[in-house]
Amino acid sequence: MCGIVGYVGKRDCTQILLDSLSKLEYRGYDSAGIAVFSGGGIKTCKTMGRIADLKEKINSECSDLCGSCGIGHTRWATHGEPSDVNSHPHGNAEISIVHNGIIENYQKIKDFLIKRGYVFESQTDTETVAKLLDHYYDGDPMETIRKVLGEIEGSYALGIIFKDFPDRIYAVRKDSPLIVGVGEDEAFIASDVPAILKYTRDYYLLEQDEIAVLDNGKAQIYDKHGALLEKELKTADWDMEAAEKGGYEHFMLKEINEQPDAIRQTISPRISDGIPCFEECGLTAEKLAAYRNIFVVACGTAMHAGLVGKYVIEKLARIPVTVDVASEFRYRDPIIGEGDLVIIVSQSGETADSLEALKLSKRRGAQTLAIVNVVGSSIAREADMVIYTHAGPEISVASTKAYSVQIAVFYMLAFLLAYSRKQISLEECKRLTAVLESVPEKLGEILKSEKTCQFVASQLVNSENLLYIGRGLDYALSMEGSLKLKEISYIHSESYAAGELKHGTISLVTESMPVIAVATQHDLFEKTVSNAKEVKARGGKVIIVTQEDTEVGDDVADHKIGLPSIDDLLMPMLTVAPLQLIAYYTSVLRGNDVDKPRNLAKSVTVE
Ligand code: M6R
């Protein structure tokens, strides 16, 4: 998704803007640009491609671009293909803007402006905002911005500069994130905290419809009526080290290896007297027990975490749980209302479909609980209750540690819910909680023995198609394994309920279609083994992921990945690690851009 940065201070802003943009690369982008007050006017340099391309263009074509106030942008194309002309900033010599989000009524505004003689260069929705600002501008930026905000519909974070006010940046947001950083005699805007960490840890979270004015290195924030606000200054507790690769070749590998700590940090503060406790989030055991139905709504990996949640909550607490893909949920007129709990799961807290599903649930009277990683994100702020996962920044597009902490939270909710609904005793609740607490150590062991996964990856690297099969919890894990592999290795893969294979899909099995069978559940082991044998009997290659104490013959699998044993119900906490590592090493062997796979964005803030 697009990234926005801005700087006002005493230093050379070109370098700061470029450096800050590079910290937002993880969001995914196809072009980049900056606009700087330089030599008495606004000068812009933008290009399709990476930040390195922008640097090159600045050096070769815009070397006179220097000043101490400017805005910058990384674009992830929505309206109009990636191209130089569609890149941001947009505007003219008088006004320049950068935008993240989508202006839904841009065509209407464009028609209005064309009738008044405006000529458009780009295919973007953003250019209509730049031209509308120009249309209304009468020397008063604040008034002009307010008029424009009254007319545009959709989601936006905007950074705006006016030639008449050379040391000033205006910033506004609605449904797209934006922060305002403050340092000594300098101020910043950014889509996310890592962009400013090198310069300051102090920042304000810009709320819906607030307008920030960064003037001569100072930041002031106003409400939409123009009243000056007293905002709480936040301090980021991430350090740059955490936001960098820490010696690993890729963020993804670093984040896979951070899982034991991330789980510890997420569960430990929520254990009281040996059982889960979410009272800090306003979620008491009594409140939890009273819900009629539970819905889990999310996208991608977060939705897969919800599938594990469904299984364990239903199994232990005997309450129905429905899991929905957010983009389907919001348009299927779901039967939800008072007495229901809707759990929205999101790493970024900014996923547009999940946010809209949350708003819909609230309108229908359901209580909403967000399981979110990014503090202060839109979903966290919109939900009635929030459980923050403490995974730290997840930079790699492929989600890994966020999934592990999300399922850890689901386990804790399931234990507490089961106990509060009298489905399990206090002793059993304590025992299960202790098993969960033992996960980080076991996971650490698995991560040390990554050689087997490297070997398996070497067996898969030339495949064009792959199947993942499993039953019950293992089916949910197969889905996550398959998504991980396809998104970073670009190998086509499908996950199948193992028992469904013979209802059609087995016809695809040949020796060039490897099958990864996930079989960690003792009660379903023999069933999945039968399906694996059916694959082997048809010439297919099978890799089985199972507990290390299970016997696997040559007629079942070609390779075995054995995992340390814990309660079957908690096996997903361990099973996911080899699936992530297989995807990672396959992608590395194929020479792909592991952390920034093609066509994907880290934070999907558009529908
Ligand atoms: O930030 P979110 O958790 O809401 O993101 C949801 C999905 O976009 C995300 O999990 C996506 O599927 C990942 N790239 C998968 O690795």
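Analyst: By class, the lining of the second largest pocket divides into nine nonpolar, 11 polar and four charged residues. The model is predicted, so that local features need pLDDT of at least 70 and side-chain atom pairs count only at pLDDT 80 or more, while totals for chains, interfaces and linings use all residues. Residues are numbered from 1 along each chain as its sequence is written, and side-chain values use heavy atoms, with hydrogens and water left out.

User: Which domains supply at least three residues each to the lining of the second largest pocket?

Analyst: Domain 2 (253-437) and domain 3 (446-589) each do so. Domain bounds come from an automatic or database domain assignment, which for this chain also gives domain 1 (3-243).

User: What makes a space a cavity, and how many cavities of 30 Å³ or more are there?

Analyst: On a 1 Å grid over the protein atoms alone, a cavity is a set of points where a 1.4 Å probe fits but cannot get out, whereas a pocket is an open set with protein on both sides within 12 Å along at least five of seven lines; lining residues have an atom within 4 Å of a point. Two cavities of 30 Å³ or more are present. The largest cavity holds about 80 Å³, a volume being the space filled by probe spheres set on the points, which are joined across faces, edges and corners. Its lining includes C2, W76 and D125.

User: Why are α14 and α15 called roughly antiparallel?

Analyst: Helix α14 (residues 401-420) and helix α15 (residues 426-448) pack at an angle of about 170°. Angles run from 0 to 180 degrees between N-to-C directions, with axes fitted to C-alpha atoms over the stretch in contact. Angles under 35 degrees count as roughly parallel, over 145 as roughly antiparallel, 65 to 115 as roughly perpendicular and the rest as oblique. The two helices, α14 and α15, are therefore roughly antiparallel.

Conventions:
Helix = DSSP H or I, 4+ residues; strand = E, 2+ residues; numbered from the N terminus. Nonpolar A, V, L, I, M, F, W, Y, C, P; charged D, E, K, R; others polar.
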